[in-house]
Amino acid sequence: MGKVDFLCISVLVDDVKEPVDIRKHDIKEGALGVVHHKPRLSRKQIESSHYGGAGNAVLPANALGVKTGVMGYIGDDYEGEFFVNGMKKYGIDTEGIIKTGWHTDVSIIPKGEGGKRGPIAFFEGAGRYFDMTEEIKDKLHSLKPKIVQIGYSGLFDRGADRNEGKNLAEMIVWIKGIGSIVMVDTHTYTNKSEKYDLLKPSLYDAHLFMCSNDEVELMNRRYEVDSAPQSDEISKAYAFLEYLQRKFWKNAEDSRIFAVTSKDYVIIKYFSPPKGVITRFIENYYSSMKAVDAVGAGDSFRAGFNIYILKNLNSFKSGNLKIEEAVQFANLTALLYISGKGIVAFKNYKYGDLLRLVERGKPPKPYCNIEEIYSDMDKKIN
């Protein structure tokens with residue numbers, strides 16, 4: 001029996017939301033700009049940070065009552081100490097965190113209007129060097145996760161993404177070899193679309209892949225996907241998923257799910273050897289509630305989806321996963337996390353509590369606030 005059921009391998013980054021002066025950077029709303037010099041941060045600014053990157057996945061997963069671990073590199077600095085202590089405080093297994101000579105990654109994320117993500121100034125530190133060393137393999141053998149979520153293909157550019165992404169692909173094959181289900185995702189590279197090339201080798205073997213509709217727009221252009229320039233975003237998402245199916249599932253022998261996510265819907269392709277490929281357009285039942293702080297929405301959605309699969313592993317492998325239910329469970333997980341309360345939003349509600357609400361189907365009327373959701377989760381089913 002493994003030490004953890006769900007493991008997130010990702011950049012371990014402190015998301016600083018206190019005002020920080022980042023000079024010489026004019027970053028567009030929602031975009032990411034790389035800062036080559038570590039920002040000067042006070043302890044107060046660091047201690048006001050959120051646990052970004054992997055933190056946005058492991059915290060909601062752990063809150064749902066799942067044995068959860070995190071893996072990645074940090075520096076021998078206060079930023080790294082703050083991240084590790086935060087993980088321990090919430091009961092996350094930190095065996096997979098390795099201290100290095102590079103500085104801990106830091107993001108400066110001012111809050112945008114209406115809960116939208118502001119422009120991100122990202123300092124690339126230790127995270128970019130993460131690679132599949134013998135030490136990492138030993139830790140994976142010790143942790144024995146059932147599901148591994150590898151976050152942000154393209155950010156490990158001096159580590160796992162070297163050799164045109166082949167290192168990361170080999171990592172996925174190795175992790176599958178010890179019996180784990182593997183998800184990979186990417187980042188929104190508005191100014192460096194060539195980084196999406198590093199993702200391609202991973203998609204031949206990853207069980208799961210999800211990206212946002214914004215990332216589809218960028219990847220369609222980079223991959224020269226055949227979709228009309230004037231097409232709407234849904235048509236482009238369908239074209240992108242058809243491209244992925246044709247290119248990466250030709251020789252697939254195990255179950256796969258690839259999906260495009262947005263605030264209002266998810267388009268999903270599900271392949272299993274017994275049943276072939278099915279495609280679904282799934283409305284988000286909970287999109288009526290606006291995010292107070294949308295940072296971490298994608299990571300927490302993926303975490304919720306992975307936890308649902310974790311609870312239904314045999315169904316996933318056999319082609320019988322209830323994908324509509326899985327998507328709504330992920331939507332609800334993300335909604336709670338970005339409600340403005342963060343991990344506190346889960347209160348005492350675990351996997352079963354969220355599942356009971358999801359199983360009731362579409363709410364009779366849109367939710368206006370989180371208290372309505374709590375009220376519905378508290379109702380007993382006759």
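The buried residues of helix α11 pack against α8 (297–311), α10 (323–337) and α12 (370–378), where buried means under 20% relative accessible area, exposed over 50% and partly exposed in between, with a 1.4 Å probe and protein chains only. This is a predicted model, in which local features need pLDDT of at least 70 and side-chain atom pairs count only at pLDDT 80 or more, while totals for chains, interfaces and linings use all residues. Residues are numbered from 1 along each chain as its sequence is written, and side-chain values use heavy atoms, with hydrogens and water left out. The secondary structure of the chain comes to twelve helices and 14 strands, these being DSSP runs numbered from the N terminus, with helices (H or I) of at least four residues and strands (E) of at least two.

**Helix α11 and the chain as a whole**

- Helix α11 spans residues 351–359, and its buried residues are Tyr351, Asp353, Leu354, Leu355, Leu357 and Val358.
- After α11 comes Gly361, which has a positive phi near 85°.
- Of the 382 residues in the chain, 59% are buried.
- Among contacts in the chain (heavy atoms within 4.5 Å) between residues at least 6 apart in sequence, 74% join residues at least 24 apart.

**The pair α8 and α10**

- Helices α8 and α10 pack with their axes 7 Å apart and at an angle of about 140°, axes being lines fitted to C-alpha atoms, for helices over the stretch in contact, with angles that run from 0 to 180 degrees between N-to-C directions.
- That angle makes α8 oblique to α10, since angles under 35 degrees count as roughly parallel, over 145 as roughly antiparallel, 65 to 115 as roughly perpendicular and the rest as oblique.
- The crossing of α8 and α10 is right-handed; a crossing has this hand if the near helix is turned clockwise from the far one by less than a right angle, and is left-handed if anticlockwise.
- On the α8 side the contact is made by Ala297, Ser300, Phe301, Gly304, Phe305 and Tyr308, and on the α10 side by Glu325, Ala326, Val327, Phe329, Ala330, Asn331, Thr333, Ala334 and Tyr337.
- By class, the contact of α8 with α10 has ten nonpolar, four polar and one charged residues, where Ala, Val, Leu, Ile, Met, Phe, Trp, Tyr, Cys and Pro count as nonpolar, Asp, Glu, Lys and Arg as charged, and the others, Gly among them, as polar.

**The pair α6 and α7**

- The axes of helix α6 (residues 213–223) and helix α7 (residues 233–248) come within 10 Å of each other and cross at roughly 60°, which makes α6 oblique to α7.
- In contrast to the right-handed crossing of α8 and α10, α6 passes α7 in a left-handed crossing.
- From α6, Asn213, Val216, Glu217, Met219, Asn220 and Tyr223 meet Glu233, Lys236, Ala237, Phe240 and Tyr243 of α7, and the residues of this contact divide into six nonpolar, two polar and three charged.

**The sheet and the helices packed on it**

- Nine strands form an open sheet with mixed pairing, in the order β6-β5-β1-β9-β10-β11-β12-β13-β14, and two strands pair if DSSP finds at least two bridges between them.
- Strands β6 (93–100) and β14 (276–283) stand at the edges with a single partner strand each, so one side of each is left without a neighbour in the sheet.
- From one strand to the next, the twist averages 15°.
- Strand β11 (residues 208–212) runs parallel to strand β12 (residues 256–261) and is joined to it by five bridges, and the bridge partner of Phe209 in β12 is Phe258.
- Helix α3 (residues 78–89) packs on the sheet and touches β5 (68–75) and β6, its direction making about 175° with that of β6.
- Helix α10 also packs on the sheet, where it touches β12, β13 (265–272) and β14, and its direction makes about 45° with that of β14.

**Residues in loops**

- Lys144, in the loop between α4 (134–143) and β9 (147–153), has a positive phi of about 50° although it is not a glycine, and counts as partly exposed at 49% relative accessibility.
- Glu224, in the loop between α6 and α7, likewise has a positive phi, near 55°, in a residue other than glycine, and counts as exposed at 71% relative accessibility.
- Lys38 lies in the loop between β3 (32–35) and α1 (43–47) and is partly exposed, with a relative accessible area of 26%.
- Not counting residues up to four places away in sequence, Lys38 touches Asp77, Glu79, His103 and Phe123, and Lys38 is 9.2 Å from Thr104, C-alpha to C-alpha, with the two 66 residues apart in sequence.
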